[in-house]
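Take a look at the fold first, then walk through the notes below.

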Amino acid sequence: MECTLPSHCSDLDGQALANRTPLPKLAPFLLHSSSIPSEEEKLSVEKAIQETKTTLSVLDEEIARLRSSLALLESRREGTERHLAEQQAVLSSLRHIPPEILGEIFLYTCSESTISWPRHSHPPQSEIPVIDEIPWQLGAVCSYWRTVLHSLPKLWSTIHVDVASTQIPQGVPTLYLTQRVHRFIETCLTRSGSEPLNFTLKYAATPSKSPEEDEARELTCSVLAALVEVSERWANVTLDLEDLFSFHAILAPARERVPNLHTLYLCSSGQSATTPRPWHAIDAFVVAPRLANLTLIHISHPTHNLRLPWYQLKSLRSKGSNFHEGEFTRLLQQSHSLEEFRTEDERVLDLAVTSANSNTSNSNNSAVHLPSLRSLVITNKGSYISRIFQLITAPSLTHLSIHSRTAYSADHTISMLRRSLCSLQLRSLTLESSRDLEVMWEENYGIFCLLAEVKGVEECVLRVSKAADEIIPRLTVRRGMGAGPQRSPVIPSSHTSSGIGLMGSGYGMGQVSTKTSGQGAVLLPNLRYFSLEDSFCDSAAELKEMLQSRMVAGGGASNGVSSGIAQLSKVHLKLSRPAPPSYSELDILKDVAKEKGVQMDILV
């Protein structure tokens, strides 16, 4: 393609460039600051100044002309580049990709994206793209890509609407916003075809405005009503609404019209912190034959104010909800098919009725039997954790996670494990203590007693303080130890009246010294993954000895250790103390780990 340059670009101005007249020069003595020119010399200097100005003016004109020519050439070059790109696009291999394959590529690219309203804008001066903007960016490439995107029902079936005062543009009329959000929802519903719907609706009230004056609430009601009209397609629903129960009338038409709903997330806050009226109970989900996963956040008295098929739930997470006395037990009884249960920061008022000998598996108590429960996660104050364990019997439990915000007592945990006969089948244990220095010894000894109970654990995660005092030395595999049964330890009688409870009553029938004997059965003989986060680790010497003994534990009798003990395959350590620590002992441990093929990462 030939590019013709403007004629004046090749014919340079003769006066400006070809005829380069030397600039007038002044006598050297005139340049001296002490020289005073005569009248004749003044005329000569003024003439030289005028000639120099003329030359400067000519040069300025030539520079302007050349700049104009350069701008014209740059514009022509940009046009030529665009023309070249159009020509090359004709031969692009992307044109050979069938729309079905291109659609799968788009779905994979947008797998973590959500079609959102309002659209998220890029943070100022941010190079990180907003992930929810990816579908819109792909659609802006060309009409063909846009057509393919619009033909993907799965992409448009996951939508997110955030109706909050911080998200809504200021000064925009409510009617205009309502039209925009409805147009957005209608577009998503049309393009998603008959695909099951996954949606999130969030609403936060406008500060200093009553519900009647809150434009955000009015908009939320409008959006929710539009979604209720297609409740037959609901599959995964998240309602994060301030004062959730005030929307019960809008949700009511969905009753017996949610046949595909399998996951439900309900969150309430603000005014719903007070108990809802009985007539505000939500019964839209009372008939949901596929509902299996439920999350409740800040729900007041859920068994009274939510009409749900509790008996068919497989997974339940409850955080910050309020319960009447006896209601937590009733919740467990109604949800007897649970396989996963997570409870966080909830005030449990129930007290289990137990016999005097509650440590035995044949004891008579009021604990709820959950035959299918495999995973139990509890985050709460130590006293409420104890109450929860008194209320549960879980014979199929394989994963247990405990995070205690105040002093933790392990006696009721051990009682539950023995009552459930699941100590040997537990495979994963995560335990985070309160790290309260005043009760640290009692907590750590209780953790040791719990570890002695769960011999089948393969993954152990501990987040404690001063683990080297009571826990780590007892996990060390020593010569002469085996993987056989070991008597369960108890708290010495001098500590049974400690501030965290009468722990000695729940730790078994045998007595062991608080010092490691070096013989007997190994704690956690099946341990393969060990993670320790110690916020107050003075020395790593005991930790080094324990981990090193576990790395060679599978070596058999040649090491003086039973071959029935598993070898560690992965270790995670995060150690700290008030002053920045250094652990020279761990340098040797890293070398041993590398030699034995053990993956190890250490954060200090």
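UniProt, in an unreviewed entry, places a "coiled-coil region" at residues 49-76; its positions follow the numbering used here, its feature names are shortened, and its annotations may be inferred rather than shown by experiment. This is a predicted model, in which local features need pLDDT of at least 70, side-chain atom pairs count only at pLDDT 80 or more, and totals for chains, interfaces and linings use all residues. Residues are numbered from 1 along each chain as its sequence is written, and side-chain values use heavy atoms, with hydrogens and water left out.

**The annotated stretch**
- Residues 49-76 are 100% helix and 0% strand, with 41 Å between the end C-alpha atoms.

**The chain as a whole**
- The chain holds 19 helices and 17 strands (DSSP runs numbered from the N terminus: H or I of at least four residues for helices, E of at least two for strands).
- Of its 604 residues, 44% count as buried (under 20% relative accessible area, 1.4 Å probe, protein chains only).

**A helix pair**
- Helix α14 (residues 411-420) and helix α15 (residues 440-453) have axes that come within 10 Å and cross at roughly 10° (axes are lines fitted to C-alpha atoms over the stretch in contact, and angles run from 0 to 180 degrees between N-to-C directions).
- α14 is therefore roughly parallel to α15 (angles under 35 degrees).
- From α14, T413, I414, L417 and R418 meet C449, L450 and E453 of α15 (contact means heavy atoms within 4.5 Å).

Conventions
Buried < 20%, exposed > 50% of the residue type's maximum accessible area, 1.4 Å probe, protein only. Parallel < 35°, antiparallel > 145°, perpendicular 65-115°, else oblique.
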